[in-house]
Amino acid sequence: MSEQFVSCFGTDLSDMIRLMVVQGGSESTYMSRASSFDLFCYEQHPACDELTEALALSWVNRNTTSAATIHYRATFLRGFACYLNRIGKPAFVIPDKYFCSRSFFVPYLFSDKELTDLFAAIDRFQCPGNPFCRLFSVPISG
């Protein structure tokens with residue numbers, strides 16, 4: 001391990017990263033977030049010996065409003081909590097999709113007028129001689 005951890009979670013963080021590396025992961029993938037979480041626990045919650053919901057959410061939301069940062073932290077902490085549970089230690093696991101991902105899809109909703117225009121154009125459309133023409137294009141006039 002290229003870095004020593006100082007919080008009560010230090011040994012578990014080191015062991016989890018070692019396990020991830022043995023399974024083909026890269027130490028650098030986990031190290032920055034593990035170090036950040038470890039330092040946060042050491043400075044803000046030195047007496048804490050269990051990964052609680054309050055501790056998890058306070059680190060995930062600490063000093064940021066960036067959706068991407070929150071997503072990366074939550075994903076890391078979810079993996080760490082699952083690891084702790086697997087080795088028999090109690091830990092709050094952030095539910096999947098608790099935080100939204102980095103981006104989200106906003107659907108376009110047609111107005112009543114747009115729907116009326118669309119279906120009127122479909123009803124008026126004529127394609128002489130080619131029954132498959134309708135499958136390829138539908139002009140909409142506005």
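The model is a predicted one, in which local features need pLDDT of at least 70 and side-chain atom pairs count only at pLDDT 80 or more, while totals for chains, interfaces and linings use all residues. Residues are numbered from 1 along each chain as its sequence is written, and side-chain values use heavy atoms, with hydrogens and water left out.

Let me start with the chain as a whole. Of its 142 residues, 27% are buried. Here buried means under 20% relative accessible area, exposed means over 50%, and partly exposed is in between, with a 1.4 Å probe and protein chains only. Among the contacts in the chain with a separation of 6 or more, 55% are between residues 24 or more positions apart; contact means heavy atoms within 4.5 Å.

I turn now to the helix pairs. How do α1 and α2 lie relative to each other? Helix α1 covers residues 10-22 and helix α2 covers residues 27-44, and they pack at an angle of about 170° with their axes 10 Å apart. Axes are lines fitted to C-alpha atoms, for helices over the stretch in contact, and angles run from 0 to 180 degrees between N-to-C directions. The two helices are therefore roughly antiparallel to each other. As for the terms, angles under 35 degrees count as roughly parallel, over 145 as roughly antiparallel, 65 to 115 as roughly perpendicular and the rest as oblique. On the α1 side, the contact is made by Gly10, Leu13, Ile17, Met20 and Val21, and on the α2 side by Glu27, Tyr30, Met31, Ala34, Phe37 and Asp38. By class, this contact has 8 nonpolar, 1 polar and 2 charged residues. In this scheme Ala, Val, Leu, Ile, Met, Phe, Trp, Tyr, Cys and Pro count as nonpolar, Asp, Glu, Lys and Arg as charged, and the others, Gly among them, as polar.

Isoleucine 17 is found in helix α1 and is buried, with a relative accessible area of 0%. Isoleucine 17 and phenylalanine 80 are 63 residues apart in sequence, and their C-alpha atoms are 9.4 Å apart in space.

The second pair is α2 with α4. Their axes come within 10 Å and cross at roughly 85°, so α2 and α4 are roughly perpendicular to each other. Tyr30, Arg33, Ala34 and Phe37 of α2 meet Tyr72, Arg73, Phe76, Leu77 and Phe80 of α4. The classes in this contact are 7 nonpolar, no polar and 2 charged residues.

Next comes the largest pocket. About 200 Å³ of space lies in it. Of the 13 residues that line this pocket, the closest to its centre are Thr29, Tyr30, Thr75, Phe76 and Gly79. A pocket is an open set of points on a 1 Å grid over the protein atoms alone where a 1.4 Å probe fits, with protein on both sides within 12 Å along at least five of seven lines; lining residues have an atom within 4 Å of a point. Which helix gives the largest share of the lining? Helix α4 does, with 8 residues, and α1, α2 and α4 (67-86) each supply at least two. The lining has 7 nonpolar, 4 polar and 2 charged residues.

Cysteine 8 is in the segment before α1 and, at 40% relative accessibility, counts as partly exposed. Cysteine 8 touches Cys48 and Asp49, not counting residues up to four places away in sequence.

Asparagine 63 lies in the loop between α3 (53-60) and α4. Is asparagine 63 buried or exposed? Asparagine 63 is exposed, with a relative accessible area of 72%. Asparagine 63 also has a positive phi of about 50°, although it is not a glycine. Most residues other than glycine have a negative phi.

Finally, alanine 91 lies in the loop between α4 and α5 (112-124). Alanine 91 is buried, with a relative accessible area of 15%. Leaving out residues up to four places away in sequence, alanine 91 touches Leu51, Ala81, Leu84 and Asn85. The C-alpha atoms of alanine 91 and alanine 56, 35 residues apart along the chain, are separated by 9.3 Å.

How values were computed. Helix = DSSP H or I, 4+ residues; strand = E, 2+ residues; numbered from the N terminus. Points joined across faces, edges and corners; volume = space filled by probe spheres on them.
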